Amino acid sequence: MPVRQAGVIYLKNMVTQFWSEKEVENLADPVPFSIHEQDRQTIREHIIEAIIHAPDVIRYKRCEERSIMDQTMKLMLPLLYQRMQFQLLPDPSELSNLLQKQILKIFYAFTQNYLPQDVVTKEVFTQWMEIIRQIVEHDVPLETNQIDEEERPELAWWKRLACAYLENLSESHMQLSFLFILERFLSVIHTICATSCFFITGHIEPLVTAGIQRKIYKDQAELMLTTHDLPRIHAVHMAFLRPDMPWVIRYFCELKFHSENNMVQAVEAVKSCCWTDKDLPVRVEAQPWLCRLLITEQERAKVYLQPFIKPVVFELLNVIRETENDDLTGVMQRLVCTYVEEVTPLAVEMTSHLAQTFAQVLDTDTDGSEEKAITALGILNTMETILNVMEDQKEIILQLEGIVLNVIGIILQQNIMDFYEEVLSLIYSLTSAQVSSHMWEVLTGDVGEDAEVHAAKLMEVVLLQCSGKVDMLLPMLVELALQRLTREVQTSELRTMCLQVVIAALYTRPQLLLDTLTAMHIPNVQGSILAQFLKQWLHDADCFLGLHDRKLSVLGLCSLLTMTNSRPPELTSMASEMLPALLVLFQGLKRAYACHAQEENDSDEEEEEEEVDHDAEVLASDEDEIDEEGQQYLERLAKGAGNEDDDTDGEYSDSGAEETQLESFQTPLDDERCPVDEYVAFKEILSNLQAADSAWYAALTAQLTPQQQREIEDIFKLADQRKAASGRENDQKAFVFQSPKRSNREVAISSQVAKSLRPLTLEQLPMPNWTLPEVRPSFHAMVDWRQHCKNALFSL
């Protein structure tokens, strides 16, 4: 029994703390632990049956089985109340405060799941609310303020205060009149708002939502809103609480108003908070609920708000500039989409205001603040929303173009990579109908090698991810990459990335690539393009970094080794250089795999350490008391369990596993289940060549040194080991009836990768109908305009 009791408490604490998924505050932080959806579904499916079969000491008592306890508490509650009211409250000692806390916990435990109205009548409930009011109104001793803030919750006075802060208003109290509860509740709020509003919002939410979601209380909820909330929203004496009043009103957003006057009163109250209130916190809090209450949920309110859109919009713009609150940019986007006709005459002024705010955010961001970056992204997205809504207004678009181009210029000139995706979206919005001369300057301008590297990476991903589906684009992508190599290249990263575009084409469509290179003509390039590409590739074998780049390069060279009847003469002339280049790549791969394995091992160790802390936190609930054997079991159990690993983006050392930001782009070659192993492929190809094409094999191996021959033998041995390990892994997977589930972190990373690659589903994107009088020479091959925008940064 102690084991089962401990298990129930453990499960209850896990569900309480980790049921809901939590968002990451900082992108660099690990995803907070939460119960996986599959586990949640299992709990939902079996919890009722578990309760039915649970022993009486574990499950909660049914109402009819509480009679003995109810009769006992009918006698005890008055005694506790008398002791509390007349003996303990006047006594400020620590012992008295501890006793008061314990009495409050008794009342809470007695009423938290079921409220026996024959024991806790309205009069009794009012008495206990009055005790709570007295406790929260009474100041804690001044000497407690000398204690460190983090240690104050352990003091008896603060524990008593925490118990008093309306925790007793559980959903079971809804059995009393909803309006009655709220009246008592608001009377308590009224007395403590000046000193304790920090604690209130977390307790209003469950009470109000529980009330308005039940049909029998909805009419009373509307009366409570108009009687208590709206009159207090501008009350000067409730200054500390007023910012939370719009927050409270949001819980009535789905309420169906029976009175048109009440709806108008709510609209007017929130509108005045947004527009004319003198306190900035009130204006900030009111904006999101204006959208939800008046726009999303209350259709009738849209018409009422129309005449006031201009002052509301510009007040919102001012608040965004003053607070740099990223949530408010989303509010602006919804206003723009809802009131298109009203916003159209304001579009230019709004966009100009947003552009100035964007510049302000960048100018004041001296330390790379993530909050400011998120705000800036929201501003760019709002500008894109305005452009999309105004797409049919050509005259307005022309006026907006100059404003937006200034913002784009700032981003490109300062090389702010975080905003490049938004820049491309803005460019797409400005060019969806026509391309002005100013836009051509942006599309053909020099944006720096960093942007070009990312553009080339996108082209490589397209070729690998959409193999066989983008054959019509392959010649154009290869030509863009090779043309860029004819101009000055300052970094090896750009040079190898351009080479990788061609290597990806070789690996996926080798014959098509050879035909493309044979027919291709690039100005100012003399001789065979294939020969120059091969020469540069083999020369730069040591410049390919990371697992992906080296693996792709190895597989690309393996594709060349397999060419027999269609082998071009340029390849034959470089036969002696191919295997040495492959050996350089394999040496780098060996170091990269070793470093990668070490990182995974370090992550596992950190995960094990954090698991202990995680389960200790789950078990550390001071609400649960079990017998000694159960407590001993929990102490033993707390010595081992798990949490999430720490996700860091640090670069590998120069030991060979150098990882860059480009490694985060996922392709079929990077999938853990990828059937292609570069070691195995190399061994099989080279071994088969010795028998199938001895002349070609001899040309490849004739100039190998003894050391290089030993390195090839080592690669063959490692290939056998990897093949055997892969076979064992497949045998183990054959006995698994359900595929392993991914952690929250893996799901989050996968969704981010999917989001970044979603625009690259080329066959689903519309092809523009170009009617330009003049088309640039390299533009004829741009089949998809969105892809063209991405490649524009690659310098068309």
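Of the 796 residues of the protein chain, 46% count as buried, where buried means under 20% relative accessible area, exposed means over 50% and partly exposed lies in between (1.4 Å probe, protein chains only). This is a predicted model, in which local features need pLDDT of at least 70 and side-chain atom pairs count only at pLDDT 80 or more, while totals for chains, interfaces and linings use all residues. Residues are numbered from 1 along each chain as its sequence is written, and side-chain values use heavy atoms, with hydrogens and water left out. The protein chain has 35 helices and 0 strands; helices (H or I, at least four residues) and strands (E, at least two) are DSSP runs, numbered from the N terminus. Among contacts in the protein chain between residues at least 6 apart in sequence, 78% join residues at least 24 apart, a contact being heavy atoms within 4.5 Å.

**Nonpolar cores**

- A nonpolar core is a set of buried Ala, Val, Leu, Ile, Met, Phe, Trp, Tyr and Cys residues joined through side-chain atoms within 4.5 Å.
- The largest nonpolar core has 81 residues, and those with the most contacts inside it are Val 478, Trp 537, Leu 560, Leu 561, Met 578 and Phe 682.
- Leaving aside neighbours within four places in sequence, Trp 537 is in contact with Leu 499, Ile 503, Leu 506, Phe 544, Ser 553, Gly 556, Leu 557 and Leu 560.

**Helix H27**

- Helix H27 (residues 546-561) has 16 residues and reaches 23 Å from its first C-alpha to its last.
- That span is close to the 22 Å expected at 1.5 Å a residue; the expected span of a helix is 1.5 Å times one less than its number of residues.
- In H27, 16 of the 16 residues are buried, so the helix is largely enclosed by the rest of the structure.

- Helix H3 (residues 67-88) has 22 residues and reaches 29 Å from its first C-alpha to its last, close to the 32 Å expected at 1.5 Å a residue.
- H3 bends by about 30 degrees at Lys 74, and a proline, Pro 78, follows within four residues.
- The bend at a residue is the angle between axes fitted to the seven residues ending there and the seven starting there.
- The buried residues in H3 include Asp 70, Met 73, Leu 77, Leu 80, Tyr 81, Met 84, Gln 85 and Leu 88.
- Helix H4 (94-111) and helix H5 (122-137) are included in what covers the buried residues of H3.
- Ser 93 is found in the loop between H3 and H4 and is partly exposed, with a relative accessible area of 30%.
- Ser 93 and Ala 156 are 63 residues apart in sequence and 9.1 Å apart in space, C-alpha to C-alpha.

**Packing of H17 and H19**

- Helix H17 (residues 347-364) and helix H19 (residues 394-413) pack at an angle of about 5 degrees, with their axes 9 Å apart.
- That angle makes H17 roughly parallel to H19, a term for angles under 35 degrees.
- On the H17 side the contact is made by Ala 347, Val 348, Thr 351, Ser 352, Ala 355, Phe 358 and Leu 362.
- The H19 side contributes Ile 396, Gln 399, Leu 400, Ile 403, Val 404, Val 407, Ile 410 and Ile 411.
- Asn 406 is found in helix H19 and counts as exposed at 55% relative accessibility.
- The C-alpha atoms of Asn 406 and Ala 355, 51 residues apart along the chain, are separated by 8.2 Å.

- Glu 324 has a positive phi of about 55 degrees although it is not a glycine.
- Glu 324 lies in the loop between helix H14 (309-323) and helix H15 (326-338) and is buried, with a relative accessible area of 17%.
- Asn 524 has a positive phi of about 65 degrees and is not a glycine either.
- Asn 524 is found in the loop between helix H25 (510-519) and helix H26 (529-539) and is exposed, with a relative accessible area of 80%.

Notes
Axes fitted to C-alpha atoms, helices over the stretch in contact; angles between N-to-C directions. Parallel < 35°, antiparallel > 145°, perpendicular 65-115°, else oblique.
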